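Q: I would like to learn how to read a few features of a protein model. Could we start with charged side chains?

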Amino acid sequence: MIGTDARRLAGWSGAGVLAVATAVSVLTVRWGGGGSIPFAAGGDLGLTTRGPASVLLPVVLGVATLVLVVATATRETSEPRFVLLMLGFTAAAALTVLASTLPALLLGWELMGAASYALIGYRWTDPHRVASGLTAFLTTRFADLGLYAATAAALAGRTDLSLDALTTLDGVPGQVAAAGVLVAALGKAAQLPFSFWLARAMDGPAPVSALLHSAAMVALGGYLLVRLSPLLAASGWADDAAAWIGATTAVVLGAVAVVQADLKLLLAASTSAQLGFVVMAAGVGATAAGTAHLVAHASVKALLFLAAGAWLQATGSKQLGDLVGAARRWPALGAVSVAALLALAGVPPLSLWATKDAVLAAAGHRSLALEAVGLVGAALAAAYAITALVVLLRPVQDDASSGDRVPPRVPLALAPLAVGALGLGALALPAVSSRLPGEVPAEPSPAGVALSTALVLAVGAVTAVLRWRGDVLPGRWTDPLRGWLGLERAAHVLVVRPTLRLADGVAAVDDRLLAPSVAVLGRSTLRLAGTVGKSERRLSAAVRDLGGAGLRGAGLVARAERLLAALVDGVGRGAGAGSETVRRSSGTGLLHHYYLQVAGALLLVVGVPLLVLLLTNPR
């Protein structure tokens, strides 16, 4: 078991690592550039800190740092396993932001998706939460196939697999690349028709929702389209498709958010709606406005999700009905949350008011109809933000029990995010946005600013009055919106069930045709193996017999060799004795002794063979 001190150390260590990484990222953006590492045949692991990455990288790391600081306040989210998963998720998001080539992008993209599955299903003993993680993973995974199609198009076009080279593709490869990037980004950004997975992602711990919905995963779907806006424009159709899908999502998911009774689901739907403005900005070529909106939204949404998690921990509920007056009961947390909700509503002069108007101004240059749809999305943003604000600020009916205490570190960690919610809209100002390469900022006209401001304030005021009085919308047409338009059910009907039927059909073909063939082939293989085994056993026996004969022959040879050695030894001794006799006889000096010895030797040499010959041939 891991002790409390070890858990606390893990959480603070992770936050410290990310704080250092944030400081390094600022220096890298200021003095760094880009580079590449050999990674795969035909492509490098390219990284760059130029363009939108120069703004977004410190934001991703900074938000992740604050999220981990808040995560240390609860036992579950200070576990080493949770901290490691969050660090891996953040690293994958940073790699996605820095990627300048398709291999680097795919690596960060895939690791980010896998880590999100593990984090959403972090409570692995709960099957429902694990299923929610799987739904999010498979939905985004299906859309991710578009990124592989874009990579295949880049290979077919013989590019160096850099993201900038995608804009040089023409003909079919260029169209495939644009379509693939668009589908992959819409899936990650939870745009229509993929929005439903974001509701299931709410089953993860609050810090996961805070990072996933603000600066990572969902945000990076919009970032990819902003980064590759020139590719969308070069296709001749993908830019318009992105702009209209983003505007439609801002309206439809804005309406979904308005009717939610669950605070986290309201914030989740508002994430899809707000990312709709980023996607719309990418479609109309307003990359600086889209980046500014992305950064401001990251600060606002991270704060709100962390506040929702703190209230859930304190009250045991995330239902709006149970959170009435929560901002009054916990004033420090309520103050930063009020600032974030006013920014989310688009109230001037807060951050999302400025960034949203910059996006709408750029949309107006493309199409007045597109701008009008965007204005409706902005009005709905005011409605759902003011709805949550009124609930949190309404007087408490019975405050005898104020719930558990909110740890002081939570509002302290959220204070920097509140500052961002108030002031990051400055990134949309022409003097700042023009610093992004290749961007001609769209300056909102005074009339446009006045119209959007009046619309937001009017809708916000009406919503505040209705919600303060406790009026509710009719259920007969809000029920589909509360169920996220049945998008998940539609995905099951249109995609999952046909896929399962196809799998069943393939299984039936396998059972009826392939399985018997495989069985016959298996039996034949077994018979052949048996025959080979028998032949092998016979061969082994023959080898053993041959070996035995060889050993016996070797024994006989050894005996013959010993006999021959003895014979040679005897002959040698005899010759030695004879030579000694001759020497002695020669030493007498008598000549007749010498001749007598020679005669004896001749007789021995000639007579013995003659005697043998006569005995063997008597005739």
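Q: Which residues are linked with D239 in a network of salt bridges?
A: Side chains of opposite charge can pair when their charged atoms come close. In this predicted model, D239, D240 and R366 form such a network. R366 meets D239 at 3.7 Å, N to O. That pair joins distant parts of the chain, with D239 in helix α11 (residues 238–258) and R366 in helix α16 (residues 351–366), 127 residues apart. R366 also meets D240, here at 2.7 Å, N to O. R366 in helix α16 and D240 in helix α11 are 126 residues apart.

Q: Is D239 buried or exposed?
A: The cut-off for buried is under 20% relative accessible area. D239 has 9%, so D239 is buried. R366, at 36%, is partly exposed, and D240, at 35%, is partly exposed too.

Q: How many salt bridges does the structure hold?
A: There are eight salt bridges. One of them joins D126 and R129, whose closest N and O atoms are 3.1 Å apart. D126 is partly exposed, with a relative accessible area of 26%, and R129 is partly exposed at 23%.

Q: How many aromatic pairs are there, and how do I read one?
A: The structure holds two. To read a pair, look at the ring centres and then at the angle between the planes; over 60 degrees counts as edge-to-face. The rings of F82 and Y122 have centres 5.3 Å apart and planes at 80 degrees, so this pair is edge-to-face. F82 lies in helix α3 and Y122 in the loop between α4 (102–120) and α5, 40 residues apart. Both F82 and Y122 are buried.

Q: Why is the pair of Y117 and F137 called tilted?
A: The planes of Y117 and F137 are at 40 degrees, so the pair is tilted, with centres 5.7 Å apart. Y117 is in helix α4 and F137 in helix α5, 20 residues apart. Y117 is partly exposed at 32% relative accessible area, as is F137 at 23%.

Q: What is the reach of helix α3?
A: Helix α3 (residues 80–98) reaches 27 Å from its first C-alpha to its last, close to the 27 Å expected for its 19 residues. Its buried residues include F82, V83, M86 and F89.

Technical notes: Residues numbered from 1 in each chain as written. Predicted model: local features only at pLDDT ≥ 70, side-chain atom pairs only at ≥ 80, totals over all residues. Heavy atoms only, no water. Helix = DSSP H or I, 4+ residues; strand = E, 2+ residues; numbered from the N terminus. Expected span 1.5 Å × (residues − 1). Buried < 20%, exposed > 50% of the residue type's maximum accessible area, 1.4 Å probe, protein only. Phe/Tyr/Trp six-rings, centres within 6.5 Å; stacked < 30°, edge-to-face > 60°. Salt bridge = Lys/Arg side-chain N within 4 Å of Asp/Glu carboxyl O.
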